[in-house]
Amino acid sequence: VNAEEQTIAVSGMRDLNGNSDNVTSKFVFYQPSPVNAKDLIITEIFADPTPSFGLPEHEFVEITNRSTNPIDLGGLTIGDLSSSAIVPNHILLPGHVIVLSSVSGSKEFQAIGQAIGLAKFPGLNNDGEPLLIKDPENRTIDSVNYSKQWYKSLEAAEGGISLELIDPSNICAEEENWIASLDPSGGTPGRTNSVSASKPDLTPPRLESVEVISFEELLVSFDEKLDKSTPTTGSFSISPAVELGSVHFADQTLRSIVVRLSPALRQRTLYTFAAKGYTDCAGNLVNDAMLIEFALPEEPEPTDLIINEILFNRRPEGVDFVELYNRSEKYILIADLALSNFEDSIRNLRVLNVDGVISPHSYIVFTPDPAVLSSQYPGSDPKAFRKSSIPPLNDESGTIALLDPHRNVI
């Protein structure tokens, strides 16, 4: 049997002097097979081991052999974008898991289950980073770009609790297939994950945004990983008509596509981007066109945008707001705009950090809590509300200024 320990027993054999004995010997036969992408997957990440709820206070990454063949881990590397560690020889049987940790940490994890200590085990970033398993030819076997948001729990993200994969069979899912461990000790290294469940991807991918990179290029983003063969010009169209010259994935996440255009986009024109006939990594097909409007943004000049309404003396339990009006014909990018108080100089600068544009002759409202504002002003348009930090607005008197990306007062 491939990679399983066997025993051979010998009895009744004599040497030339007539000596005999019954002997046994153990051996392992190993027939290697190709290791393909996702044959090995990362199933648990312990990036912040402090404070401990019972687990050893050492970082670890757990990997699972989800293939039907035994795999020799020797020569594989695990690491982030800046450093990696080589895994020593160890045969991992189908369906089995093993914990990778530092040499000192592995000694404590071996009391729980299978564990290997790696020299130069890469430190795991508490806030998240890409982790990659690669074969000796530098081909990626699995990758996980985790973040603190994946815990889906503020308490768990503070430390001592691992991130666990929910469904190892759903190899296309990303953040939606990870969550904080529910085990009282804070994790399940070398054991079945506490959150293990069937979580197949049955939902088609959703078009999230269209960002103008230049007059000739768009960056189109989706809410999940697409099938690697998806990008074709036939899946996308633009109205008013702009010919699509080529499309290609922006990076290895397979969630963003760069679209080359010919002819170039025109300023002060509202376009509609339509996408259909493409599939996600799991094969879910988008049949009905998804639409997003976009425009070539311009920077504002003085008086293009004006402060149109201010709430500085809010209702009880309410929030302040600042409303802008675009009195120009431009589509103006708002992310790098800022609000501030202004008394001889700029004070209490607050960069808006809000995606999107403000269309010609339209309004936009910035407030710390759009939900509260909407509930207190039911006649308003909540689609115009954006959550953003704004400068302090004194109830008696004060100033508010709108600044362009170069911090000139508009």
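What is the volume of the second largest pocket? Here are some friendly notes, starting with that one.

1. The second largest pocket has a volume of about 770 Å³. A pocket here is an open set of points, on a 1 Å grid over the protein atoms alone, with protein on both sides within 12 Å along at least five of seven lines; lining residues have an atom within 4 Å of a point. A volume is the space filled by probe spheres set on the points, and grid points are joined across faces, edges and corners.

2. Before going on, please note that this is a predicted model: local features need pLDDT of at least 70 and side-chain atom pairs count only at pLDDT 80 or more, while totals for chains, interfaces and linings use all residues. Residues are numbered from 1 along each chain as its sequence is written, and side-chain values use heavy atoms, with hydrogens and water left out.

3. Back to the second largest pocket, with its volume of about 770 Å³. It is lined by 25 residues, of which Val210, Glu293, Asp355, Gly356 and Val357 are the closest to its centre. Two or more lining residues come from each of β15 (207–214), β21 (290–295), β27 (357–358) and β28 (363–367); strands are DSSP runs of E, at least two residues, numbered from the N terminus. β15 gives the largest share, five residues. By class, the lining has 14 nonpolar, four polar and seven charged residues. Ala, Val, Leu, Ile, Met, Phe, Trp, Tyr, Cys and Pro count as nonpolar, Asp, Glu, Lys and Arg as charged, and the others, Gly among them, as polar.

4. The largest pocket holds about 1,200 Å³ of space. Closest to its centre, out of 41 lining residues, are Thr140, Asp142, Ser143, Lys225 and Gln252. β3 (40–46), β6 (77–79), β11 (130–134) and β12 (140–145) each give two or more residues to this lining, and β12 supplies the largest share, six residues. The lining divides into 19 nonpolar, eleven polar and eleven charged residues.

5. One cavity of 30 Å³ or more turns up in a search of the whole structure; a cavity is a set of points where a 1.4 Å probe fits but cannot get out. The largest cavity holds about 40 Å³. Its lining has seven nonpolar, one polar and no charged residues, and includes Ile63, Leu73 and Thr77.

6. β3 also belongs to an open sheet of six strands, in the order β10-β9-β4-β3-β13-β14, with mixed pairing; strands pair if DSSP finds at least two bridges between them. The edge strands are β10 (115–118) and β14 (178–180). Two bridges join β3 to β13 (residues 163–165), running antiparallel, and Glu44 has Glu164 in β13 as its bridge partner.

Note on methods
Helix = DSSP H or I, 4+ residues; strand = E, 2+ residues; numbered from the N terminus.
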